[in-house]
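I opened my notebook today to look around a new structure. Here is what I looked up, one entry at a time.

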Amino acid sequence: MAGKGVYTKRNDGRKFDEVREMSAKVGIVDSADGSASFNTGHTKAIAVVRGPRTLHPQHMQNPRKGILRVNYGMMPFSVTDRIRPGPNRRSEEISKVTEWALNSVVDLSEFPNTVVDVFIQIPQADAGTRVAGINAAAIALAHAGIPMKEMVSAIGVGKIDKTLVVDLDKYEDSDFHDAEGSTDIPVAITSRTKNISLLQLDGKISVSEFKDCVKNAKVACEEILKVQMEALKNVNGESN
Amino acid sequence: MNKDERQIVVPGETIVSGNEFLPGEGVYRDGNEVVSERLGISNVSDKHVRVIPISGAYYPRRGNTIIGTIVDITFNGWLIDFGGAQNAFLPVAEVPRYINRNELREYLDFGESVVVKVWDVKSRGVDASMKMRGFGKIEGGMIMNVSPNKVPRIIGKEGSMVKMIKGATGCNITVGQNGKVWISGDSIDKEIATRQIVEFIVENSTIHGLTEKVETYIKGLGLKMGSVEIVEEDTDVESAPEGVPSEEGKDKNEGDKK
């Protein structure tokens with residue numbers, strides 16, 4: 001995978017297909033039905049699940065099945081510049097794609113007219129916040145006892161100049177502008193059927209490189225899944 | 001994998017493979033494999049596979065005892081909020097005395113709490129009943145909230161833990177499977193002591209030898225084990241329904257449902 005271009009060595013000394021150090025914790029919010037945190041490198045995400053509970057306003061209720069509602073947000077101090085709190089174009093988009101990524105695995109057919117709320121907050125951001133958010137949310141949903149066909153793991157892959165990389169950090173994602181610049185592709189992959197439940201692309205990339213990127217993502221997601229399962233299995237019997 | 005061994009499974013994890021296994025609660029079949037649908041402890045008994053939840057919200061099951069609050073009154077019954085996804089409905093007909101349909105509020109008013117039995121669970125809601133001994137309106141005492149997943153610990157094996165607390169404090173305890181615990185005694189001090197014991201159980205629910213630890217804790221509070229004779233109170237609710245979620249009881253309930 002060694003690049004022919006200008007990006008021959010990663011900024012933080014990682015291998016090109018190496019994922020940043022990860023950790024996950026379950027049950028960080030006692031009052032919630034389910035909660036989890038997920039960290040990769042300097043990126044931290046926390047997710048809280050509440051529900052299923054009756055959905056108001058009533059006109060939003062679906063009598064066939066419960067709905068999933070995701071709210072993603074970055075905390076004001078999560079980056080060096082202050083982020084104005086509250087919904088914005090970017091957070092609305094991420095909320096929506098996260099909802100779609102998770103909706104393909106949760107099964108809310110047993111809970112008509114209800115809503116399952118997923119709140120994702122980013123206390124510290126160093127690129128890859130949406131994938132960290134999805135990873136945390138998947139753990140939190142499992143912790144909340146929501147029926148799920150399988151788990152979801154997500155990773156950001158991409159291309160820096162001519163080099164394919166896995167798990168971009170802030171420098172690679174937005175501060176690298178030399179030569180061909182950077183391309184990032186967040187991918188979410190389900191744990192059992194290995195389906196892709198989220199795929200976005202920001203930048204330019206050839207079709208063959210794109211396919212290689214997705215392959216890299218599948219390998220990386222296996223590692224992430226291990227971290228997620230490890231966290232869930234250490235939930236200590238009955239802690240809630 | 002040892003099939004009799006209980007272990008924690010996560011959603012999407014294969015529990016057993018083989019066409020002879022029957023998927024039960026919390027699992028689904030994917031081709032030849034039986035896969036977990038939620039986080040919990042896998043249980044393979046005979047050929048029946050299921051996952052017992054260890055975390056998350058309360059899901060009502062038929063036969064459960066629940067404690068809830070009246071949130072709405074319709075023309076033929078009451079709606080009870082018990083902390084689940086939907087409210088439970090208690091029809092007038094399921095109350096063990098005659099009530100004039102125009103005077104439902106006389107018997108149970110908004111905000112009052114009740115101990116009821118889950119009579120039926122449908123995806124649209126829960127039907128409740130009060131027509132058995134041990135169920136009825138809550139008068140006096142206090143209601144505390146615990147995690148629904150800790151309830152089996154509070155009850156203990158065949159109600160042993162509840163009996164122990166009752167014996168030590170003389171308070172009546174009714175444990176709702178939805179995580180609400182009603183404590184009523186003849187003095188507030190005794191009720192508070194009871195609440196402390198329940199809190200102690202919840203905090204230490206995962207340790208080994210819990211019963212002995214609780215005994216020590218009760219003695220530490222200056223109470224004597226089994227010192228108080230339990231006097232049945234002369235109210236609607238005569239005694240706490242005990243020890244419902246023993247393993248056998250649960251299995252039976254599920255059998256009924258199918």
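These entries go from the whole model to one chain, then to one residue and the other chain.

**Entry 1: the model.** I noted at the start that this is a predicted model. I wrote down its overall scores, an ipTM of 0.86 and a pTM of 0.85.

**Entry 2: the layout of chain A.** I found nine strands and four helices in chain A. Following the sequence, I read their order as β-β-β-β-α-β-α-β-β-α-β-β-α. I then looked up the radius of gyration of chain A, which is 18 Å; the globule rule gives 18 Å for 240 residues, so chain A is as compact as a globular protein of that length. Its C-alpha trace spans about 55 × 35 × 35 Å along the principal axes.

**Entry 3: inside chain A.** I saw that 51% of the 240 residues in chain A are buried. Among contacts with a separation of 6 or more in chain A, 72% join residues 24 or more positions apart.

**Entry 4: one residue.** Is Met60(A) buried or exposed? I found 11 other C-beta atoms within 10 Å, and exposed means 12 or fewer, so Met60(A) is exposed. Met60(A) sits in the loop between strand E3 (43–54) and strand E4 (67–74) of chain A. I also checked Glu223(A), 163 residues away along the chain: its C-alpha atom is 38 Å from that of Met60(A).

**Entry 5: confidence in chain B.** I looked up an average pLDDT of 83 for chain B, with 85% of the residues scoring at least 70. Residues 231–258 of chain B have a pLDDT below 50, and this stretch has 45 contacts in the model beyond near neighbours in sequence.

Methods
Residues are numbered from 1 along each chain as its sequence is written. Chains are lettered from A and ligands numbered from 1 in the order in which they are written. This is a predicted model: local features need pLDDT of at least 70, side-chain atom pairs count only at pLDDT 80 or more; totals for chains, interfaces and linings use all residues. Helices (H or I, at least four residues) and strands (E, at least two) are DSSP runs, numbered from the N terminus. The radius of gyration is taken over C-alpha atoms; the globule rule is 2.2 Å times the number of residues to the power 0.38. A residue is buried if 20 or more other C-beta atoms lie within 10 Å of its own, exposed if 12 or fewer, and partly exposed in between; C-beta atoms are placed from the backbone. Two residues are in contact if their C-beta atoms, placed from the backbone, lie within 7 Å. pLDDT is the predictor's confidence in each residue, from 0 to 100.
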